Amino acid sequence: MFEPRLALASLSGHSDADWAKQGAPYAGCAFLGGLSIDEATRAASRGMVDRDREEFLPADPSRFLISQLRALAGEPIRSAVNVRSATLVPLEDVADLCRDHGAILEINAHCRQEEMCAAGSGEHLLTQPGKLCKQVEAATATGATVSVKVRAEVEGVDLPALAQRLARSGADAIHIDAMDTPGVVADVSMAANLFIIANNGVRDASSAREYFEHGADAVSVGRPSDDTAVLERLHAATRDIREEELHP
């Protein structure tokens, strides 16, 4: 899906093309966004901005996305876009754009902000697997490569079982915020044939290696994604781990 096996995870209102370019010497993929793309999630984003959270709120999300993907054309990093939607048509439209630009579409089932969950997106989708799988089916039907960003430790959510359903619905990857349970990566790895990106606490060779040993195919870094020292460490670590996999 991408090499090196290090991704830059989306940070709302921060992760744009310029941010991705800064990380391009170190990472194989950059998840832009999160970008709210339908009426309900854009209203939720406006509410989040009103309480001093950063959000992308362009007048036209599709035009904004096109400009961002074009800005990354030719850069040595794969583009990906983390999107939030409660409805299918805007999701299909963005999936078309991602397909046309060779970018990964990532469905956000991760954001736990009250406004986003009330809008029917983000973490809310983890508790509505049928709705989440319909989003995956709609996106993959366009021919786009699809990832789903999820969170561990959500009450009542069996991530390995959910991963199986996502795989059957056509998802290519699952991006797991492991919270305080890195072992969930191993559980998902054994349950479903998906490309697994592990997230949370990835800062150095030791933290990255732990996730790879649990079965992750890649790791992602969030808040330190603009810290060159952290990215240099992780780039070297993922390169070494990959070399060990290829030449045991």
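## A first look at the chain

Of the contacts in the chain with a separation of 6 or more, 65% are between residues 24 or more positions apart. Keep in mind that this is a predicted model. The chain holds ten helices and eight strands. Its radius of gyration is 17 Å, close to the 18 Å that the globule rule gives for 248 residues, so the chain is as compact as a globular protein of that length. Laid along the principal axes, the C-alpha atoms fill a box of roughly 50 × 40 × 35 Å. Buried residues make up 54% of the 248.

Let's start with helix 10, which runs over residues 228–246. With 19 residues, helix 10 reaches 27 Å from its first C-alpha to its last, close to the 27 Å expected at 1.5 Å a residue. Which residues of helix 10 are buried? They are Val-230, Leu-231, Leu-234, Ala-237, Thr-238 and Ile-241. These residues cover an arc of only 130° around the axis, so they end up on the same side of helix 10. Here's the background: an α-helix has 3.6 residues a turn, so residues three or four places apart point the same way. The buried residues of helix 10 pack against strand 1 (6–8), helix 1 (17–23), helix 9 and strand 8 (218–221). Have a look at the start of helix 10 too, where a side-chain oxygen of Asp-227 comes to within 3.1 Å of the backbone nitrogen of Ala-229.

Helix 9 (205–213) turns up again around helix 8, as part of what covers the buried residues there. The cover also includes helix 7 (159–168), strand 6 (173–177) and strand 7 (195–199). Helix 8 itself spans residues 183–191, and its buried residues include Val-184, Val-185, Ala-186 and Val-188.

Now for the aromatic rings.

| Pair | Centre to centre | Angle between planes | Type |
|---|---|---|---|
| Phe-2 and Phe-195 | 5.5 Å | 65° | edge-to-face |
| Phe-56 and Phe-64 | 5.5 Å | 40° | tilted |

Phe-2 sits in the segment before strand 1 and Phe-195 in strand 7, so their pair ties together parts that are 193 residues apart in sequence. Both Phe-2 and Phe-195 are buried.

In the other pair, is Phe-64 buried or partly exposed? At 23% relative accessibility, Phe-64 counts as partly exposed, because buried means under 20%.

Methods: Residues numbered from 1 in each chain as written. Predicted model: local features only at pLDDT ≥ 70, side-chain atom pairs only at ≥ 80, totals over all residues. Heavy atoms only, no water. Buried < 20%, exposed > 50% of the residue type's maximum accessible area, 1.4 Å probe, protein only. Helix = DSSP H or I, 4+ residues; strand = E, 2+ residues; numbered from the N terminus. Contact = heavy atoms within 4.5 Å. Expected span 1.5 Å × (residues − 1). Arc of directions from axis to C-beta. Polar contact = N/O pair within 3.5 Å; in protein donor to acceptor, adjacent residues only side chain to side chain. Phe/Tyr/Trp six-rings, centres within 6.5 Å; stacked < 30°, edge-to-face > 60°. Rg over C-alpha atoms; globule rule 2.2 N^0.38 Å.
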